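Subject: Structure for you to look at

Hi,

Here is the structure I promised. Please open it next to this email and follow along.

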Amino acid sequence: MHDMKEKLHTGELYISWDEEILKEQVAYQDKLCEYNLTKPSESEKRAKMLKEMLGDCGEGVYIEAPFYANFGGHHCHFGKMVYANYHLTCVDDTHIYVGDYTMIGPNVTIATAGHPIMPELREQVYQYNMPVHIGRNCWIGAGAIILPGITIGDNTVIGAGSVVTKDIPANVVAAGNPCRVMRPINDHDRAYYYKDRKIEIRE
């Protein structure tokens, strides 16, 4: 039989107030609290701290403070050049994977933790965790909420305020509550960056 700590990553029901889990969690949260007290001018210090705090941290990862995470980011695995704006909340009771070059807007929540519908089980503080996978070069709009067990494909844009309740494929624009695919990324997107504004990048 698994102990409670092992069940963090198996998707099984476990009691989240387990003493061993809480002791480890508080230590990670203390480190995160220190990160949130750093100044914007201390970018080198922030980069060093993220390398220590995150489960994986690629080159050029930048997370604006304040950043919130149940396990202090210990179960977050970020590829290179990931940028997260203010108030990213990672309910990282199990693993969250974010691919290279993905951008995350302000006030985004990525949740891995769920609770049983049965009230008797919630009373006993039962919980389960399902990992979240976000692909490479995605853009997660401001205020989006990504629920446990979700996978978002490469290059996809999730519109601001979306609630992602089902997997979203690669190379699409998706939005809404619940979040739905609106359209594929297309030739218009290759020519225009905003409405009728043409992409004209001069070196």
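Ile 110 touches Leu 88, Thr 89, Cys 90, Val 91, Ile 96, Ile 104, Val 132, Ile 134 and Ile 146, leaving aside residues up to four places away in sequence. Contact here means heavy atoms within 4.5 Å.

Before you go on: this is a predicted model, where local features need pLDDT of at least 70 and side-chain atom pairs count only at pLDDT 80 or more, while totals for chains, interfaces and linings use all residues. Residues are numbered from 1 along each chain as its sequence is written, and side-chain values use heavy atoms, without hydrogens and water.

**The core.** The largest nonpolar core has 37 residues; Phe 78, Ile 110 and Ile 140 touch the most other members. Such a core is a set of buried Ala, Val, Leu, Ile, Met, Phe, Trp, Tyr and Cys residues joined through side-chain atoms within 4.5 Å. Buried means under 20% relative accessible area, exposed over 50%, partly exposed in between (1.4 Å probe, protein chains only). Helix H2 (43-53) and strand E5 (76-78) are among the elements that each supply at least two residues of this core. H2 gives the most, with three. Helices (H or I, at least four residues) and strands (E, at least two) are DSSP runs, numbered from the N terminus.

**The sheet.** Five strands form an open sheet in the order E2-E5-E8-E13-E16, with parallel pairing. Strands pair if DSSP finds at least two bridges between them. E2 (56-57) and E16 (151-152) are the edges, each pairing on one side only. Three bridges join E5 and E8. One to find: Cys 76 has Ile 96 in E8 as its bridge partner.

**Salt bridges.** There are seven in the whole structure. Each needs a side-chain nitrogen of Lys or Arg within 4 Å of a carboxyl oxygen of Asp or Glu. Glu 20 meets Lys 5 (3.9 Å, N to O). That pair links distant parts of the chain, 15 residues apart. Both are partly exposed: Glu 20 has a relative accessible area of 46%, and Lys 5 has 29%. In another salt bridge, the closest N and O atoms of Glu 52 and Lys 48 are 3.0 Å apart. These two are four residues apart in helix H2, so about one helical turn separates them. Glu 52 is partly exposed at 44%, whereas Lys 48 is exposed at 56%.

Best wishes
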